[in-house]
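Morning, everyone. I have one model to walk through today. Please have a look at the screen first.

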Amino acid sequence: MSDIRFEYPSSGSHNGKHEHSSAVACADIVEEAALDPAKAVLVVTGDFDASVRDRLPHEVRAHWTSTRGDGDVGAKVMAVGDEMHVLMHEYYFEPQPDPSFDYEQRNKMIQRLARHESRHVTMEQAGEAGGPTIDRDGEARRRFLHIADAVISEYRAELDVPLQYDVPFSRFDPKDVATWLRDAITQVVTVEYQRHLDVERLAYSIAQMLEIAVKQLAPIAAKRALSGEAVGAPFDASTSASKDWMEMVAPSWSDFENALRAVPPSRDRVAAEQLARLTQQLADVLNEWLRRLGFEWNDTDHTFLIKAWDLYT
Ligand SMILES: [Zn+2]
């Protein structure tokens with residue numbers, strides 16, 4: 001197993017028999033995924049935010065917040081010198097006072113998380129994470145490439161989490177992501193932009209909402225790939241019946257899924273040129289998706305235009 005480090009112990013309970021075996025199981029998962037296991041560490045922390053902050057450069061420490069658009073951060077992978085640290089909450093390993101607590105379900109959830117996170121270690125150690133952006137690209141293109149790169153990493157990690165580790169709420173409900181996206185864009189344009197009237201900030205905010213949505217949709221695409229679903233195969237009835245899904249996501253879904261199907265799992269090594277090409281292709285899909293949502297972000301004349309507003313009225 002990889003090393004386990006305990007930080008900020010909150011309860012002193014992490015040496016309980018059951019919990020220790022669970023942490024060892026996670027450290028084994030990290031070791032198995034790491035290309036250089038001697039430089040991969042499982043960090044079990046009683047104060048997740050503090051452990052993250054300790055590992056950030058001084059100048060960005062103050063900006064760290066544990067909540068993102070996709071909810072609480074359950075675990076995180078960080079580079080520290082030449083080591084990769086997989087941070088996990090201590091409370092995942094704590095004994096529970098409720099005698100009927102379902103440890104089996106919880107351990108499955110923790111191991112699912114460890115399997116996903118440790119695959120970021122694989123990609124980092126292979127030099128396949130955080131793909132290069134090209135200086136000559138304009139701002140919009142760089143943004144789309146950045147989002148595509150993040151989505152590809154999430155997708156590759158998810159392809160290495162076998163479906164047997166699924167627990168309830170492992171993934172977002174597709175139609176809820178679509179509803180969230182419509183609400184988020186409406187809020188950005190009708191409330192936030194009206195306050196600051198800064199078009200560049202508007203462009204970044206809209207792209208950020210798309211980024212949050214597509215990062216939540218990536219595990220759904222991975223599950224469909226693992227289940228052997230055909231690209232563009234219909235979703236279940238409740239998703240297809242959702243107006244939000246049909247209008248915000250469905251028109252772009254097949255292109256998105258198709259671009260991701262060419263992406264190999266994180267356990268497979270991929271040449272830098274191939275990864276760059278896959279990232280470019282997905283960036284094209286995202287650009288087109290944004291256009292279908294009513295927005296055009298142009299590098300040629302540095303404009304961001306609201307071309308259509310009918311999805312939001
Ligand atoms: Zn991830």
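Where does Phe-256 lie? Phe-256 sits in helix 9, residues 243-261. Before going on, some ground rules. Numbering starts from 1 along each chain, following the sequence as written. The model is predicted, so local features need pLDDT of at least 70 and side-chain atom pairs count only at pLDDT 80 or more, while totals for chains, interfaces and linings use all residues. Helices (H or I, at least four residues) and strands (E, at least two) are DSSP runs, numbered from the N terminus.

Back to Phe-256. Is Phe-256 buried or exposed? Phe-256 is buried, because 22 other C-beta atoms lie within 10 Å. The cut-offs: buried takes 20 or more other C-beta atoms within 10 Å of a residue's own, exposed takes 12 or fewer, and partly exposed is in between, with C-beta atoms placed from the backbone. Leaving out residues up to four places away in sequence, Phe-256 touches Ala-221 and Val-285. Contact here means C-beta atoms, placed from the backbone, within 7 Å.

Now the packing around helix 9. Two packed helices are described by the angle between their axes and the distance between the axes. Helix 9 packs with helix 10, residues 272-292, at about 175°, and the axes are 9 Å apart. Helix 9 is therefore roughly antiparallel to helix 10. On method: axes are lines fitted to C-alpha atoms, for helices over the stretch in contact, and angles run from 0 to 180 degrees between N-to-C directions. Under 35 degrees counts as roughly parallel, over 145 as roughly antiparallel, 65 to 115 as roughly perpendicular, and the rest as oblique.

Who makes that contact? Helix 9 supplies Pro-251, Ser-252, Asp-255, Phe-256 and Ala-259. Helix 10 supplies Gln-281, Leu-282, Val-285, Glu-288, Trp-289 and Arg-292. By class, the contact of helix 9 with helix 10 holds six nonpolar, two polar and three charged residues. The classes: Ala, Val, Leu, Ile, Met, Phe, Trp, Tyr, Cys and Pro are nonpolar; Asp, Glu, Lys and Arg are charged; the others, Gly among them, are polar.

Next pair. Helix 6, residues 174-196, and helix 7 have axes that come within 10 Å and cross at roughly 170°. That makes helix 6 roughly antiparallel to helix 7. Residues in this contact include Trp-180, Leu-181 and Tyr-193 of helix 6, and Leu-202, Met-209 and Ile-220 of helix 7. The contact of helix 6 with helix 7 has 14 nonpolar, three polar and two charged residues.

What links the two helices? Leu-197 lies in the loop between helix 6 and helix 7. Leu-197 is not a glycine, yet its phi is positive, about 50°. Leu-197 is exposed, because it has 8 other C-beta atoms within 10 Å.

A length check. The expected span of a helix is 1.5 Å times one less than its number of residues. Helix 7, residues 199-226, has 28 residues and should span 40 Å; its end C-alpha atoms are 41 Å apart, which agrees. Just after helix 7, Gly-228 has a positive phi of about 80°. Helix 5, residues 139-158, reaches 29 Å, close to the expected 28 Å. Of its 20 residues, 15 are buried.

Tyr-8 is in the loop between strand 1 (3-7) and helix 1 (17-33). Its phi is near 45°, positive in a residue other than glycine. Tyr-8 is partly exposed, with 15 other C-beta atoms within 10 Å. Trp-64 is in the loop between helix 3 (58-61) and strand 3 (67-68). Trp-64 counts as partly exposed, with 13 C-beta neighbours inside 10 Å. Beyond four places in sequence, Trp-64 contacts Asp-49, Val-52, Arg-53 and Leu-56.

Finally, the whole chain. How many helices and strands are there in the protein chain? Ten helices and eight strands. With 313 residues, a compact globule would have a radius of gyration near 20 Å, and the protein chain has 20 Å, which agrees. That radius is taken over C-alpha atoms, and the globule rule is 2.2 Å times the number of residues to the power 0.38. Buried residues make up 35% of the 313.

Conventions. Contact = placed C-beta atoms within 7 Å.
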